[in-house]
Amino acid sequence: MASSEEDGTVEEKENNNKKRTKSTLATAWLTFYNIAMTAGWLVLAMAMTRFYIQKGTHKGLYRSIARTLKFFQTFALVEVGHCAIGIVRTSVIVTGVQVCSRIFMVWFITNSIRQIQSEESVILFLVVWTVTEITRYSYYTFKLLNHLPYFIKWARYNLFIVLYPVGVVGELLTIYAALPFVRRSGMYSMRLPNKYNVSFDYYYCLIIVMLSYIPLFPQLYFHMLRQRRRMLHGEVIVEKDD
């Protein structure tokens, strides 16, 4: 009996050590990832600011930052993987929708249709994304380092109240501006007859995408409001109970 108990104890210790090692590696990777993404969006912020100061106009700004924007926004797909393998406890679906919608805006709208790249709405959502991501990734970084300044936490759970709707407006106006060009060019569309016997109209696809904001935006927005109440006001309630 003593031998089996010792074997069980040894096995349990080995399992615990493996879990701690995995947890340490996951924390190290997430810390590196969030620092890198914070730095990337800070680079974008500085590049946009420098461009506007030098040129005095937003025209041409998108082209000047396009490569950096596409890299860091596409790299965010890694976050879906984080959720899928369980190192981040967030819904894969929610994260996937948020990340893929951004990538869609970058690659299949703004990058694909040069005629809209100087629209004010493009600059609007770019500024919103940049402020949001700097705040979000710095929040995760400081939290992982167990040294979270209150103003970062406050910004994370307050700025979205204004930024989220403004960003959505910028995205919708950008898609709307793209519609005439998509209709005239027929880009990404497939007409019958063809060897695949499939018809697809990108113009109507974009209209459906715009309509999808109607059910999705309130759900995500109220989800963030619930998180805000839990993370900010919830702590105050706990302190009062103590």
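# Close-up views of an all-helix predicted model

**Figure 1. Overall architecture of the protein.** Among contacts in the protein with a separation of 6 or more, 71% are between residues 24 or more positions apart; a contact means heavy atoms within 4.5 Å. The model is predicted: local features require pLDDT of at least 70 and side-chain atom pairs pLDDT 80 or more, whereas totals for chains, interfaces and linings use all residues. Residues are numbered from 1 along each chain as its sequence is written, and side-chain values use heavy atoms, with hydrogens and water left out. The protein has eight helices and zero strands, giving the pattern α-α-α-α-α-α-α-α along the sequence. Helices (H or I, at least four residues) and strands (E, at least two) are DSSP runs, numbered from the N terminus. Of the 242 residues in the protein, 38% are buried; buried means under 20% relative accessible area, exposed over 50%, and partly exposed in between (1.4 Å probe, protein chains only).

**Figure 2. Helix α2 and its bend.** Helix α2 comprises the 15 residues 61-75, which at 1.5 Å a residue should span 21 Å; the end C-alpha atoms are 21 Å apart, in agreement with that value. The expected span is 1.5 Å times one less than the number of residues in the helix. At Arg67, α2 bends by about 45°, the bend being the angle between axes fitted to the seven residues ending there and the seven starting there. Buried positions of α2 include Leu61, Tyr62, Ile65, Ala66 and Leu69, and also Lys70, Phe72 and Gln73. An α-helix has 3.6 residues a turn, so residues three or four places apart point the same way.

**Figure 3. The largest nonpolar core.** A nonpolar core is a set of buried Ala, Val, Leu, Ile, Met, Phe, Trp, Tyr and Cys residues joined through side-chain atoms within 4.5 Å. The largest such core has 42 residues, of which Trp41, Ile109, Leu126 and Leu206 touch the most other members. At least two residues of this core come from each of α1 (2-55), α2, α4 (92-110), α5 (120-144), α7 (160-185) and α8 (202-241). Helix α1 supplies the largest share, eight residues. Apart from this core lies another, of five residues, including Tyr139, Ile152, Tyr157 and Met231. In soluble globular proteins, nonpolar side chains tend to be buried together.

Figure 4. Not counting residues up to four places away in sequence, Ile109 touches Phe104, Ile116, Thr174, Ile175, Ala178, Tyr202 and Leu206. Val209 is found in helix α8. With neighbours within four places in sequence left aside, Val209 is in contact with Phe104 and Ile175. The C-alpha atoms of Val209 and Ile175 are 8.8 Å apart in space, while the two residues are 34 residues apart in sequence.

Figure 5. Rings of Phe, Tyr and Trp (its six-membered ring) pair if their centres lie within 6.5 Å; planes under 30 degrees apart count as stacked, over 60 as edge-to-face and the rest as tilted. The count by this rule is 19 aromatic pairs. Phe71 and Phe72 form an edge-to-face pair, 5.0 Å centre to centre with 90° between the planes. Phe72 counts as buried because its relative accessibility is 17%. Tyr164 and Tyr221 form a tilted pair, 6.0 Å centre to centre with 45° between the planes. Tyr164 lies in helix α7 and Tyr221 in helix α8, so this pair ties together parts that are 57 residues apart in sequence. Tyr164 is partly exposed at 23% relative accessibility, and Tyr221 is buried at 14%. One aromatic cluster is formed by Trp29, Phe32, Tyr33, Phe71, Phe72, Phe75 and Tyr137.

**Figure 6. Arginine charges over tyrosine rings.** A charge sits over a ring if NZ of Lys or CZ of Arg is within 6 Å of the ring centre and within 35 degrees of the ring normal. Arg136 lies over the face of Tyr137, 4.4 Å from the ring centre. Likewise, the charged end of Arg183 sits over the ring of Tyr203, at 4.6 Å from its centre.

**Figure 7. Backbone geometry in the loop between α7 and α8.** Most residues other than glycine have a negative phi, and most peptide bonds are trans. Pro193, located in this loop, is joined to Leu192 by a cis peptide bond with omega of about -5°. Tyr188, in the loop between α7 and α8, is not a glycine but has a positive phi of about 60°. Tyr188 counts as partly exposed, at 40% relative accessibility. Asn197, also in the loop between α7 and α8, has a positive phi of about 55° although it is not a glycine. Asn197 is exposed, with a relative accessible area of 61%.
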